[in-house]
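Please report on the structure shown here. Cover the helices, the sheet and the annotated sites, and keep it brisk.

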Amino acid sequence: MKIPSLNQIRKADQYCIDSESISSAQLIERAAKGCFDWIIHNKSFKIRKYPFIVLVGNGKNGGDGLSLSYMLHLYGAIVFVYGINISNHFSNEFLINKKKILQKKINFKMINEGEKFPVLNQENYLIDAIFGTGFNRTMNQYWKFFFHYINEKKFKEVISIDIPSGLFMEKSHENFEGIIKATHTLTFQVPKLSFLLPNYADYVGKWHLINIGWKDDCIRKIQTKNFYIDDESIHAIYKKKIRKKFTHKGNYGHGIIIGGSFGMIGSVVLSATASFRTGIGKLSVYVPSCGYQIIQNTLPEAIVNTDVEKHYISNIVLSNDKINAIGIGIGMGFHSKTVYALESFLLKIKNKKIPMVIDADAINILSHQLLLELLPKETILTPHPKEFQRLLCRSWKNDYEKLHFLKEMSKKHKIFIVLKGAHSVISTPNGYLYFNSTGNPGMSTSGSGDVLTGMIMSFLSQGYSPKESCIMGVYLHGLAGDIASKKLSEEAIIANDIIHHIGEAYLKIKI
Ligand SMILES: NC(=O)C1=CN([C@@H]2O[C@H](COP(=O)(O)OP(=O)(O)OC[C@H]3O[C@@H](n4cnc5c(N)ncnc54)[C@H](OP(=O)(O)O)[C@@H]3O)[C@@H](O)[C@H]2O)[C@@H](O)CC1
Ligand SMILES: Nc1ncnc2c1ncn2[C@@H]1O[C@H](COP(=O)(O)OP(=O)(O)O)[C@@H](O)[C@H]1O
Ligand SMILES: [K+]
């Protein structure tokens with residue numbers, strides 16, 4: 001799914017209006033109806049028990065709020081509307097809908113700058129329709145205090161329409177004053193970039209897409225470099241790879257996982273098992289010799305090659321078999337001979353065009369030894385934020401700067417980077433970003449990153465392109481985690497549970 005810019009959203013709304021010959025106010029009514037349907041179908045809302053306080057601004061977002069108030073009133077809810085008179089310019093959509101609610105004698109009061117704040121009962125739902133995507137500058141102190149006053153209250157739920165008021169949809173904030181803290185954000189048609197960044201999670205709450213009927217031909221025309229990975233993107237990739245009847249294991253590639261050190265062989269077991277569960281044809285592992293028995297016992301399907309050293313890797317030797325993909329770095333440690341072995345290995349394979357994913361300790365070695373230059377084109381790195389900071393040799397001021405650094409590094413070294421997190425983001429050598437939609441906090445558990453590396457390596461081995469492997473990897477990994485957490489709870493899942501549910505995740509995406 002595309003993540004359009006503000007200008008593209010405005011153009012798409014206008015296209016909708018023109019192509020359907022409707023007015024802007026009618027499109028707003030459709031948007032409000034989408035929010036209304038979401039509220040009335042949400043069983044946790046007790047619409048006739050608790051009143052709604054609706055805060056509306058002067059723009060079109062206020063128009064949405066007024067139209068929604070009208071619908072809630074007709075449905076039998078008690079509604080109190082407050083007009084937040086921040087700017088003196090009233091949109092048509094505001095004026096049309098204000099007239100409608102006054103005709104129905106719905107409670108309406110204007111709040112002007114400098115006035116005493118109204119007393120608001122916390123045993124109410126709050127609907128925030130003050131600003132939407134038109135919020136374009138910081139507010140003065142009075143209104144910041146007002147937003148703070150709202151945020152301090154413990155309303156039953158705070159539902160922001162389109163975007164929490166005061167939040168920029170695609171640029172950073174100097175501070176977090178003056179943004180409404182929503183528990184739910186009902187956003188129109190497409191996700192907004194800020195929703196996918198950890199900095200703003202406390203303001204956005206849970207967000208939900210409300211369809212307002214953009215047509216396919218309009219969406220097709222939008223040129224963007226930011227994407228949200230959804231079922232549709234996965235189907236498009238996966239359907240090209242449905243298994244044919246007369247295939248054999250040779251068709252699904254031979255991959256190798258290189259990693260492990262004394263006490264860390266388990267990470268290789270996780271990665272290798274995940275590779276098999278993701279569908280690899282044949283898998284080798286390369287570990288220090290202390291890993292031999294462990295791997296043979298826990299994963300008899302794997303071929304085990306060992307280093308001459310017992311406790312760490314000192315020299316990486318690939319077997320003579322043709323290897324289709326490499327996963328390297330898991331549990332590898334930092335022994336000086338391992339550092340040297342990694343560097344020599346990268347030099348050796350630089351021109352061999354074997355797709356490769358690099359994780360964990362190998363990423364840290366790359367950072368300390370400044371070895372990024374050695375990476376073959378289209379190599380995949382899978383850092384978590386701390387590892388990415390090490391790669392950069394610096395931190396970032398905010399999430400937007402982080403995305404900027406991510407894109408710069410991918411472009412400079414022509415590599416894919418999977419920056420792991422709640423919405424893991426894949427950055428490509430040509431400046432595209434893909435945000436993952438699956439996964440849950442239960443996956444914040446040791447070894448779940450090792451599982452991801454094994455899965456991405458498995459996709460590479462099966463002939464998916466590096467970009468497809470990253471997309472399929474993060475999505476299926478998150479989906480397996482989501483299925484596991486529904487059965488076991490977020491608290492109880494461990495990395496092995498993610499592996500055990502890869503099968504069910506595949507069944508869910510089967511076309
Ligand atoms: N038909 C359509 O197109 C559809 C539109 N839709 C809805 O419209 C929303 C976008 O509407 P919008 O463009 O009118 O902007 P909105 O966020 O309501 O506010 C603009 C007002 O705020 C003011 N203002 C801004 N910052 C300020 C500040 N710091 N301090 C004070 N004032 C400030 C700004 O003032 P100005 O810059 O003009 O001086 C202007 O008056 C979108 O999010 C969605 O909810 C959907 O229903 C789908 C169909
Ligand atoms: N809150 C979360 N929501 C979704 N996914 C998460 C969350 N926390 C962690 N994950 C996922 O779990 C994995 C953790 O990887 P990593 O930090 O490398 O763990 P480890 O080093 O223990 O293997 C990543 O794929 C990440 O996207
Ligand atoms: K809003």
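On one side of helix 4, K99, L102 and Q103 are exposed. The buried residues of helix 4 are E93, F94, N97, K98 and I101. Seen down the helix axis, these buried residues fall within an arc of 125°, so they line one face of helix 4. That arc is taken over the directions from the helix axis to the C-beta atoms. An α-helix has 3.6 residues a turn, so residues three or four places apart point the same way.

This is a predicted model: local features need pLDDT of at least 70, side-chain atom pairs count only at pLDDT 80 or more, and totals for chains, interfaces and linings use all residues. Residues are numbered from 1 along each chain as its sequence is written, while chains are lettered from A and ligands numbered from 1 in the order in which they are written.

Helices (H or I, at least four residues) and strands (E, at least two) are DSSP runs, numbered from the N terminus. The buried residues of helix 4 pack against helix 2 (24-41), helix 3 (60-75), strand 2 (79-84) and strand 3 (107-111). Residues are in contact if their C-beta atoms, placed from the backbone, lie within 7 Å. After helix 4 comes K105, with a positive phi near 60°.

**Helix 9 and the sheet**

An open sheet of ten strands runs in the order 8-17-16-15-14-13-12-9-10-11, with mixed pairing. Its edge strands are strand 8 (226-228) and strand 11 (303-306), and each pairs on one side only. Helix 9 (residues 265-278) packs on this sheet and touches strand 9 (254-258), strand 10 (282-287) and strand 12 (325-328). The direction of helix 9 makes about 170° with that of strand 10. Such angles run from 0 to 180 degrees between N-to-C directions, and axes are lines fitted to C-alpha atoms, for helices over the stretch in contact.

Twelve of the 14 residues of helix 9 are buried, so this helix is largely enclosed by the rest of the structure. Among them are I265, V268, L270 and R277. G279 follows helix 9, and its phi is positive, near 115°.

The two helices compare with their expected spans as follows. The expected span is 1.5 Å times one less than the number of residues.

| Helix | Residues | End-to-end C-alpha span | Expected span |
|---|---|---|---|
| Helix 4 | 92-103 | 17 Å | 16 Å |

Strands pair if DSSP finds at least two bridges between them. Strand 13 (residues 356-358) and strand 14 (residues 380-381) run parallel and are joined by two bridges. V357 stands opposite I380 in strand 14. Strand 14 also pairs with strand 15 in the parallel sense, over two bridges. Here the bridge partner of I380 is F416 in strand 15.

Strand 15 and strand 16 run antiparallel, with three bridges. V418 has I426 as its bridge partner in strand 16. A hairpin of five residues joins the two strands. In strand 15, F416 and V418 point one way and I417 and L419 the other, and all are buried.

**Which residues carry the "binding site" annotation?**

In an unreviewed UniProt entry, one "binding site" annotation covers K420, G421, A422, H423, S424 and G449. No two of their C-alpha atoms are more than 13.8 Å apart, although they span 30 residues in sequence, so they gather at one spot. UniProt positions follow the numbering used here, feature names are shortened, and annotations may be inferred rather than shown by experiment.

H423 lies in the loop between strand 15 (416-419) and strand 16 (425-427). H423 is buried, with 22 other C-beta atoms within 10 Å. Beyond four places in sequence, H423 contacts L196, F435 and N436. S424 sits in the loop between strand 15 and strand 16. S424 is buried, with 24 other C-beta atoms within 10 Å. Leaving aside neighbours within four places, S424 contacts V418, L419, N436 and V474.

The unreviewed UniProt entry also annotates N61, D128 and S165 as "binding site". These are spread over 105 residues of sequence but cluster in space, with a largest C-alpha distance of 9.3 Å. N61 is in helix 3 and is buried, with 28 C-beta neighbours inside 10 Å. S165 is buried too, with 29 other C-beta atoms within 10 Å.

Technical notes:
A residue is buried if 20 or more other C-beta atoms lie within 10 Å of its own, exposed if 12 or fewer, and partly exposed in between; C-beta atoms are placed from the backbone. Two residues are in contact if their C-beta atoms, placed from the backbone, lie within 7 Å.
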